[in-house]
Amino acid sequence: MKITAIELYHVSIPLKETFWPTWIPGYPQTHNRFTLIKIVTDEGIEGYSAGAAMGTEREGLGDLLGGYLLGSDPTDIDRVQALLKQAGILGWRNFWIEPACWDIIGKKEGKPVYELLGGKARPIEVYCSTGEMHPAEKRAEEILRIKEMGYRTAKLRVKNHELKDDIALIETIRKRVGDFSLGVDANQGWLVSIVDKVPAWDLDRAKRFSDACYDNAIQWLEEPLDSRDYDGNAALKKYSRVKISGAELNYGWDEIKIMFEKDCFDIYQPDAMFAGGIAQVKQVIDACHKHDRLYTPHTWTNGIGFYVNWNMVLSDPENMLPLEYPFEPPSWIPQYRDGIIAPILPENGYLKPFTQPGLGFTIDQRMLRKYGKRFFKITESGLKWKVIKEKGLKTALEIKKRKEAAN
């Protein structure tokens with residue numbers, strides 16, 4: 001099997017209400033935007049994946065990918081991983097593309113991707129992951145409504161300038177919601193300040209907040225320090241009486257293996273759309289078993305990204321942790337989060353397993369036409385003519401000969 005065509009789309013789904021993501025303080029998000037890739041093989045199988053986007057920043061990605069992926073075997077994941085890593089040296093993280101190849105493999109084998117990885121169909125508990133900073137009393141009321149919907153766990157966000165205000169927030173919410181499982185995300189792992197400036201936490205602040213989390217029966221503290229502060233995270237994990245989690249957007253196994261060596265976290269949460277694709281996240285899951293650590297992924301991208309990480313949880317039959325379910329009404333809700341696929345809807349805090357071959361979703365072509373715009377398409381013959389035009393016939397033939405010899 002080989003890749004014979006690649007298509008790229010800008011997808012922009014308008015939100016009914018403005019979303020104010022805590023991880024970009026002060027930034028009004030009015031659309032759910034992502035780059036959709038469609039990979040087609042010589043057997044007519046199509047694979048899809050989608051990378052989160054701020055806008056149209058990947059406009060030139062197609063010209064880069066064509067030379068790397070066309071003619072390659074999508075079932076040779078090691079080779080795909082190597083090519084995407086090479087294509088990312090000059091800028092873009094490209095591992096979000098790799099799941100499209102797993103989508104192809106699953107469809108060819110007639111199995112969901114999680115089965116290919118050793119998993120089986122089973123219901124998965126989800127936790128409600130909020131995405132905004134709200135006043136404590138307002139957030140407490142929202143958590144009580146979430147509890148009524150059947151969720152057993154929710155995650156809060158903190159992003160105040162003063163530590164005392166972050167502590168006051170979780171104290172107030174705990175008193176109001178009572179016996180309900182809560183986690184807290186500090187969003188310090190990859191601090192962004194393109195609008196509002198917020199302070200970066202140091203180890204002392206992280207320790208003091210972890211003490212407050214313990215005092216308020218918080219189950220885990222997420223990303224309290226820079227994600228590449230390996231020594232700081234290791235020191236905090238050793239000190240903290242609540243579980244410390246991280247590694248959601250680190251650059252794959254190359255970085256995460258250092259975290260295991262230094263024992264940075266209790267819970268590892270790599271998102272396959274950023275942290276190395278499916279193959280490298282599977283390495284993390286295996287390492288968690290070896291080192292007696294826990295795994296549950298970050299899923300704040302889009303519906304397709306959620307499916308990819310859902311497959312990763314299903315691939316591990318021993319994993320009983322709830323899966324992150326991004327939900328911040330009225331702005332970030334399934335209709336807009338999932339967009340060009342059927343909305344992912346839990347029942348009483350659980351998701352029923354899917355059994356569809358591949359990654360498990362189907363692109364709604366009507367919705368893609370409505371919200372998406374194809375900005376690139378290339379085929380094998382198109383690439384050949386492009387190379388001939390740019391390099392000349394003689395050089396193009398020499399390149400073809402060398403690539404064939406290398407493969």
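Trainee: Why is Asp263 called partly exposed?

Mentor: Asp263 has a relative accessible area of 27%. Buried means under 20% relative accessible area, exposed over 50%, and partly exposed in between, with a 1.4 Å probe and protein chains only. The value of 27% therefore makes Asp263 partly exposed.

Trainee: What kind of model is this, and how are residues numbered?

Mentor: This is a predicted model, in which local features need pLDDT of at least 70 and side-chain atom pairs count only at pLDDT 80 or more, while totals for chains, interfaces and linings use all residues. Residues are numbered from 1 along each chain as its sequence is written, and side-chain values use heavy atoms, with hydrogens and water left out.

Trainee: What makes the pair Asp263 and Lys237 a salt bridge?

Mentor: The term requires a side-chain nitrogen of Lys or Arg within 4 Å of a carboxyl oxygen of Asp or Glu. For Asp263 and Lys237 the N to O distance is 3.0 Å, so the pair qualifies. Asp263 lies in the loop between helix H9 (253–262) and strand E9 (267–268), and Lys237 in helix H8 (residues 230–239), so the pair ties together parts that are 26 residues apart in sequence. Helices (H or I, at least four residues) and strands (E, at least two) are DSSP runs, numbered from the N terminus.

Trainee: Is Lys237 buried or exposed?

Mentor: Lys237 is buried, at a relative accessible area of 15%.

Trainee: Which residue forms a salt bridge with Asp263 at 3.1 Å?

Mentor: Arg293 does, with 3.1 Å between the closest N and O atoms. Arg293 sits in the loop between helix H10 (277–291) and strand E10 (294–295), and Asp263 in the loop between H9 and E9, so this pair links parts 30 residues apart in sequence. Arg293 counts as partly exposed, at 24% relative accessibility.

Trainee: How do you know that Arg337 and Asp338 are buried?

Mentor: Arg337 has a relative accessible area of 2%, and Asp338 has 1%. Their side chains meet in a salt bridge of 2.7 Å, N to O. Salt bridges that share partners also join Glu7, Lys38, Glu46, Arg374 and Lys377 into one network. The structure holds 28 salt bridges.

Trainee: Why are the buried residues of H6 said to line one face?

Mentor: These residues are Leu163, Asp166, Ile167, Leu169, Ile170, Ile173, Arg174 and Val177. Seen down the axis of H6, they fall within an arc of 155°, so they line one face of the helix. The arc is that of the directions from the helix axis to the C-beta atoms. On the other side of H6, Lys164 and Lys175 are exposed.

Trainee: What covers the buried residues of H6?

Mentor: The cover includes helix H5 (136–148), strand E5 (153–157), strand E6 (181–185) and helix H7 (203–215). Contact here means heavy atoms within 4.5 Å.

Trainee: What makes domain 1 and domain 2 partners in contact?

Mentor: By that contact rule, 42 residues of domain 1 are in contact with 43 residues of domain 2. The bounds, 3–111 + 362–405 for domain 1 and 115–351 for domain 2, come from an automatic or database domain assignment.
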